[in-house]
Amino acid sequence: MSIVELCQRSGLTDSAVREALDELARMYLLRPAEPGSDQLRLADPATSLSALHSRRAAALARRQKELDGARESIALLASEYGTSRRDFLPELAERLDGLDMVRERLAELAENAKEECLSFMLGGPQKPDDMDASEPLDQVALERGVSLRSVYQDSLRNDAATARYVQWLSSLGGANRTVPSLPMRLVIVDRKVALIPLAPRDTTQGALVLHSEGAVMAMVSLFEEVWRHATPWGTPVRKDQRGLSTQERELLRLLGEGNTDEMAARQLGVSLRTVRRLAADLMTRLQARSRFEAGALAAREGWI
């Protein structure tokens, strides 16, 4: 039955019918009639719901793994002062409430850095005030011989103010790279202190300053892994053999994991409008008429 016939029988709009088909497809209750076909067929509910259950079980397993990792980090922190301690001690970790406290501590760490400063610059374009405040600190650190390495999101390559600041840093010896998305804001100084946000998606709440050697080295390992796969700022982001940019591949991955457009936009550091434009372009290139069909074709073609 065609979309037009479904609209006529249901009294729904074309858009509403397509959204309903997408939802049924996400539940594996609709499948392509045959590989490469535009036609859809009803799937056996028992088989489809079993596949849906397996997918959700896999997602839960991934989240459980993340929770286990967090528990291990907490155990490392707790082990240094015994499990009977309920409060973090200043020697182990300290809490900074609000942006003002975070900025003051960052300035202090920058002034005292001796060898290296590593950072994840998560979020949208930096505010002019923040860059103005960071410029003298970065300059003094670089002139002292401190190595500065920063990872930004690919989306910031299109922000003129950030691009100028990064070019200035690079001219003084700073190293800067980009990736499509970052897990959180992060600053590591001399591999002895690490700042992570209290709330990964809301840096205004404040930060946690880690002093524990185990916790700091875990953050260093995370940084080095992301750095290894990042693209140097002055190098154009290359497309793969299928013509996909790193940002497009990351969007496919995020949507494939069930993220909404809004969630994907936050992860990529771009606007909702940009995500929808990218998704529409990918559907056009795949010659897909729905998100489900695009996902099926992308998987078949090896895009994800």
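**Helix packing and aromatic pairs in a predicted chain**

The secondary structure of the chain comes to 11 helices and 10 strands. Helices (H or I, at least four residues) and strands (E, at least two) are DSSP runs, numbered from the N terminus. The model is predicted, so local features need pLDDT of at least 70 and side-chain atom pairs count only at pLDDT 80 or more, whereas totals for chains, interfaces and linings use all residues. Residues are numbered from 1 along each chain as its sequence is written, and side-chain values use heavy atoms, with hydrogens and water left out.

The chain averages a pLDDT (the predictor's confidence in each residue, from 0 to 100) of 78. At least 70 is scored by 76% of the residues. Over residues 81–88 the pLDDT is below 50. Beyond near neighbours in sequence, this stretch has six contacts (heavy atoms within 4.5 Å) in the model. Where pLDDT is low, the predicted coordinates should not be read in detail.

Of the 304 residues of the chain, 38% count as buried. Buried means under 20% relative accessible area, exposed over 50% and partly exposed in between (1.4 Å probe, protein chains only). Among contacts with a separation of 6 or more, 66% join residues 24 or more positions apart.

Helix 8 (residues 246–256) and helix 10 (residues 272–286) pack at an angle of about 95°. Their axes are 11 Å apart. Axes are lines fitted to C-alpha atoms, for helices over the stretch in contact, and angles run from 0 to 180 degrees between N-to-C directions. Helix 8 is therefore roughly perpendicular to helix 10; angles under 35 degrees count as roughly parallel, over 145 as roughly antiparallel, 65 to 115 as roughly perpendicular and the rest as oblique. Helix 8 contributes Q247, E248, L251, L252 and L255 to the contact, and helix 10 contributes V275, L278, A279, D281, L282 and R285. By class, this contact of helix 8 with helix 10 has seven nonpolar, one polar and three charged residues. Ala, Val, Leu, Ile, Met, Phe, Trp, Tyr, Cys and Pro count as nonpolar, Asp, Glu, Lys and Arg as charged, and the others, Gly among them, as polar.

Helix 9 (residues 261–268) also packs with helix 10, at an angle of about 105° and with the axes 8 Å apart. Helix 9 and helix 10 are therefore roughly perpendicular to each other. D261, E262, A264, A265 and L268 in helix 9 meet L272, V275 and R276 in helix 10. The residues of this contact divide into five nonpolar, no polar and three charged.

A search of the whole structure finds four aromatic pairs. Rings of Phe, Tyr and Trp (its six-membered ring) pair if their centres lie within 6.5 Å; planes under 30 degrees apart count as stacked, over 60 as edge-to-face and the rest as tilted. Y152 and W233 form an edge-to-face pair, 5.4 Å centre to centre with 75° between the planes. Y152 lies in strand 5 (residues 147–153) and W233 in the loop between strand 10 (231–232) and helix 8, so the pair ties together parts that are 81 residues apart in sequence. Their C-alpha atoms are 8.7 Å apart. Y152 is buried. W233 is buried too, with a relative accessible area of 11%. Not counting residues up to four places away in sequence, W233 touches Y152, L156, R157, T162, A163, V166, N176, R177 and T178.

Y165 and W168 form a tilted pair, 5.5 Å centre to centre with 40° between the planes. These two residues are three apart in helix 6 (residues 160–171), a separation of about one helical turn. Y165 counts as buried at 8% relative accessibility, whereas W168 is partly exposed at 22%. Ring pairs also link F120, F223 and W227 into a cluster.
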